[in-house]
Amino acid sequence: MPANIILKKGKEQSVRRYHPWIFSGAVASVNGNPSEGDVVDVFAWDKTYLATGHWAPGSIAVRIFSFTKCNPDHGFFRKRLEEAMAFRINAGIAGKPETTVWRLVHGEGDGLPGLIVDIYGSIAVMQAHTAGFWKIREMIAQLLPEVTGGLVTAVYDKSEGTLPFMARLNPSNGYLVGENGEPGAVVTENGYRFRVDWEKGQKTGFFIDQRDSRSLLSRYSNGRRVLNMFGYTGGFSVYAMKNAELVHTVDSSAAATALADENVKLNFGDDPRHHCYTTDAFTYLAGMEREYDLIILDPPAFAKHQTALNQALQGYRRLNALAIHKIRPGGLLFTFSCSQVVSRDDFRRSVFVAAANTGRNVRILHQTGQPADHPVNIYHPESEYLKGLILYIE
Ligand code: SAH
């Protein structure tokens, strides 16, 4: 019998609207002494069953994976993973030779809060963000070859940096199924090739979530002088190299600019149109002339927590004001925020203030978000984290 959580009167409302998180303040009593990561059943104040999920002693007490009574065993998770796979096939993402890098499981977006699985060719890289999924990582890993129809032959667990510190689980990254002969691999995205190193790289190795925005970029980069700020693996740079007059990639990390250089070479050889600068983005923007007519701003999350929100908004305003001020007339700005705590409205308002400060005429051409393999659960607005604005600046 799983432990039981009884909610305070009225706190059942959000669960009935399928929100997958129960905050600790909503809990009236905990029966059965669950430890972190255990499966618990959730009941309303009047003892009616509501949901089943993983328990944690933090501010999010339960992450729900089922709103109907279930036995969360091997068969249960196999079905969830099969559904995630079927969804990516139906969305036209999985099973295409031109794109071998995609996300198979996106946490709450796939009814598996706390689990991320990214596919790099035949390798799956998984991250547990909760003790609940970390405890069943072996089972999940063993299911991945099966649910992908044999596509996945090795599974790398990269949960060292993603598990709650307080859980004291001491995870260590490594292969749970099979292994890969050498570190990383070359994968393809819309036919472009990228070297990805999931062991050393940021997140699971590649910012898969910008695939659609990268595609959009090559529609606009024709003949333009492109500046890719916060370039990391050079994803945007590679797409722009298709038709741009020149492409400059800026990142403060030397490992990142080396990787961006390598990826441009992998696709375009030693092409003098591309150049990398290892420096701080703000310093570079402040020091440059009006020399670019397409700028990409894809910074890391400026706010990881609600408390840092104001500072983050200030960061977005400063960064965007610099770029809008310095872009050539008739230029395009691709600007993004991946901070979950910054809402779409907040971000748009920051860019609005930045534009107003420069006094230039600015129009919104597109508002972008996450690609379909990072689906937003409609009952969980928090799963929408990536916001983009494509602007035309006179
Ligand atoms: N646009 C990338 C992802 C960007 S990740 C893609 O499509 O793959 C954010 C990057 O910003 C990281 O590579 C990090 O090294 C870099 N970065 C962080 N702070 C920076 C700063 N102040 N100036 C320049 N680069 C920075």
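**Entry 1: a salt bridge to start with**

I began with aspartate 38 and lysine 135, whose side chains meet in a salt bridge at 3.0 Å, N to O. Aspartate 38 sits in the loop between β3 (27–31) and β4 (39–43) and lysine 135 in helix α3 (residues 131–135), so the pair ties together parts that are 97 residues apart in sequence. My helices (H or I, at least four residues) and strands (E, at least two) are DSSP runs, numbered from the N terminus. For a salt bridge I asked for a side-chain nitrogen of Lys or Arg within 4 Å of a carboxyl oxygen of Asp or Glu. Searching the whole structure, I found 15 salt bridges.

**Entry 2: ground rules**

This is a predicted model, so I note that local features need pLDDT of at least 70 and side-chain atom pairs count only at pLDDT 80 or more, while totals for chains, interfaces and linings use all residues. Residues are numbered from 1 along each chain as its sequence is written, and side-chain values use heavy atoms, with hydrogens and water left out.

**Entry 3: domains 2 and 3**

I looked up the division of the chain: domain 1 (3–66), domain 2 (74–187) and domain 3 (207–393), with bounds from an automatic or database domain assignment. The centres of domain 2 and domain 3, taken over C-alpha atoms, are 28 Å apart. Their contact (heavy atoms within 4.5 Å) takes 15 residues from domain 2 and 12 residues from domain 3.

Next I checked the area buried between them, which is about 1000 Å², with carbon and sulfur atoms giving 68%. Buried area here is the accessible area (1.4 Å probe) that two parts lose on being put together, summed over both. Ile93, His106 and Glu108 supply 42% of what domain 2 buries against domain 3, more than any other three residues.

Across this interface I found 0 salt bridges, but 3 residue pairs in polar contact, both residues at pLDDT 80 or more. A polar contact is a pair of N or O atoms within 3.5 Å; within protein, one must be able to donate a hydrogen and the other to accept it, and residues adjacent in sequence count only if both atoms are side-chain atoms.

**Entry 4: the ligand**

A polar side-chain atom of aspartate 298 is 2.7 Å from a ligand nitrogen.
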